[in-house]
Amino acid sequence: MPFIRKLQRRKLSGGDKPRKNPSSSKSKPESSAPAADPSLSVRFNWLKQELMDSSDIIYREFTISTGQRCVLVYVRGMIAQDSAQQFIVRSLQRESAQLKDKDIYEFLFEDEALSVSQATVIEDLDQGVQAVLNAGALLLIDGDSRMMTFSISAYPTRGIDEAPNESVIRGSREAFIEDLEKNMTMIRRRIKSPQLKTPAVNKGRETHTSVVLAYVEGVCKPELLKEMKRRLSYVDMDGVLGSAYLEEVIEDNPYSPFPQLQYTERPDVVCAALLEGRIAVFVDGSPIVLIAPVTLPMLLQSAEDYYQRYVAANWIRWIRYFFVFASLTLPSIYIAVTTFHPEMIPSQLLITIAASREIVPFPALWEAFAMELAFEALREASIRIPKSIGQAVSIIGALIIGTAAVQAGIVSAAMVIIVSLTGIASFIIPHFDLGLAFRLLRFPIMILASMFGLYGVTCGMILIYIHLVNMRSFGVPYLSPIAPLVTEDLGDTLLRAPWWKMHKRPVQLTNNEVRQSDNPRAWVKEKGELE
């Protein structure tokens, strides 16, 4: 909106000095807010000038029995207009007969004449403008320099539904939405502790987006909180429309393909992270919450791991680790073995692969590249097209095009199987950005495999390992607790220990290590003594 841009050119967030914009020299001169002026006309005219050319700004003028003129300012569609009319306008008109010889604001607060909660008295018109733009109502009364803001927002929001990208069998069905207050409510419902702190800051010179840091005091390290606030203090951009805007600014290594912050849309995942000593970053208007710090083993864990019995969870976790490795190296190993090391393949299988490749005019590298690029295009198409025809496109791409390519002799049947298994393996990775990183790294490893065989694959894996070892997420080693080795935290890495065995929180994330008592199954011994 024009008035928001003009307002932010005049007053930056955080109280910085105004910046001159040469391109706005032909615009109307900027006006300063009248300081503590009791005249309604002066303040009313300033507001109209400040919020000019905005058809959705409503100015509701009325008079109370004392003869004082009042104006209620709000944005159409962002507040409950019926509540404003009933609990503010009519209440003032009905109770105004008692206002003689009384301070109007003392009367409104002490006598509770207005049945509206979250009312605040202010004197700065700039604060009043921001209150209006933040889905509030601003009340001005003639003869009094003070103003009152009311929080009666009622804009439409999406209903709370199941998480579409992080589904589970036994866990919660709630997912975050775009409303910050409702998201914080879902966290408060789960962590009913006064130690849960939620400080807020505004980011974005034009958007003034609310950003909330959530952490558990006494569990979260103070130095981690200080570092998070320090990094956010450097964020100075025109708008913050989602959590991804902040992610790229505050992560340690922005050029790495690997994600260094975890994101989720599940309240239970955020609460579990907070209880481990981590920090969650909520952004108003975004259903995606950032969690820091994070390690690679954490990104390979799913919420389902903690709702299933630990035996099944361990089996699923091992399968996931195996297919994560397969998604990165399976095409490369096939290229290396068929090109440089055919003696490693059993004779019957080698004959079958050679027969299928006999009519293929391309080397294994170009064959793999073509199939991988086709699979990536098919994956992106299934995401972008309407859901009603998404399955049809998947069937056409996977069956018809693949079968036709094999029959035409463009690719071999073995390569189609390898690429299909690789695609399925990439879908097993719980974190989408981590899966995307493996998809990107798959191509340079394929090139190394075509040049040097398994030696090239090994060199590529060593380079990736060196990169991961040198990475940090808010000071925490990215491969922790594997490298460096932290034996206390291995109980929830390669394995998922039973809940009654996990006595401590991750030691690298918190100074308060004790999670539960040493023997939560002491009832077994008591039962034996009683018998």
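Predicted model: local features only at pLDDT ≥ 70, side-chain atom pairs only at ≥ 80, totals over all residues.
For context, most peptide bonds are trans, and most residues other than glycine have a negative phi.

Two residues other than glycine carry a positive phi. The phi of A135 is near 65°; A135 lies in the loop between α5 (125-133) and β4 (137-141), and A135 counts as buried because its relative accessible area is 4%, where the limit for a buried residue is under 20%. The phi of F474 is near 55°, and the place of F474 is in the loop between β12 (472-473) and β13. With a relative accessibility of 9%, F474 is therefore also counted as buried. The ring of F474 has R231 lying over its face, at 4.1 Å from the ring centre. A further arrangement of this kind involves R521, which lies over the face of W500 at 5.5 Å from the ring centre.

A search of the whole structure finds seven aromatic pairs, including that of F176 with F282, whose ring centres are 5.6 Å apart and whose planes stand at 90°, so that the pair is classed as edge-to-face. Because F176 lies in the loop between β5 (147-150) and α6 (180-190) whereas F282 belongs to strand β10 (residues 279-283), this pair ties together parts that are 106 residues apart in sequence. Both F176 and F282 are buried. Another edge-to-face pair is formed by F258 and F438, with 5.9 Å from centre to centre and 80° between the planes. Since F258 lies in the loop between α8 (243-250) and β9 (262-264) and F438 in helix α16, the pair ties together parts that are 180 residues apart in sequence. F258 and F438 are both buried, and together with Y478 they form one aromatic cluster.

V270 counts as buried because its relative accessibility is 0%. When its neighbours within four places in sequence are left aside, V270 is in contact with F176, I187, T264, A280, F282, V289 and I291. The C-alpha atoms of V270 and L290 are 8.7 Å apart in space, for a separation of 20 residues in sequence.

Helix α16 (residues 432-452), which contains F438, also packs against helix α17 (residues 454-469): the axes of these two helices come within 6 Å and cross at roughly 145°, and the crossing of α16 and α17 is right-handed. On the side of α16, the contact is made by L441, I445, L448, A449 and F452, which meet L454, Y455, G456, V457, G460, M461 and I464 in α17. The residues of this contact divide into 10 nonpolar, two polar and no charged.

Note on methods:
Residues numbered from 1 in each chain as written. Heavy atoms only, no water. Axes fitted to C-alpha atoms, helices over the stretch in contact; angles between N-to-C directions. Helix = DSSP H or I, 4+ residues; strand = E, 2+ residues; numbered from the N terminus. Left-handed = near helix turned anticlockwise from the far one by under 90°. Contact = heavy atoms within 4.5 Å. Nonpolar A, V, L, I, M, F, W, Y, C, P; charged D, E, K, R; others polar. Phe/Tyr/Trp six-rings, centres within 6.5 Å; stacked < 30°, edge-to-face > 60°. Buried < 20%, exposed > 50% of the residue type's maximum accessible area, 1.4 Å probe, protein only. Lys NZ or Arg CZ within 6 Å of the ring centre and 35° of its normal.
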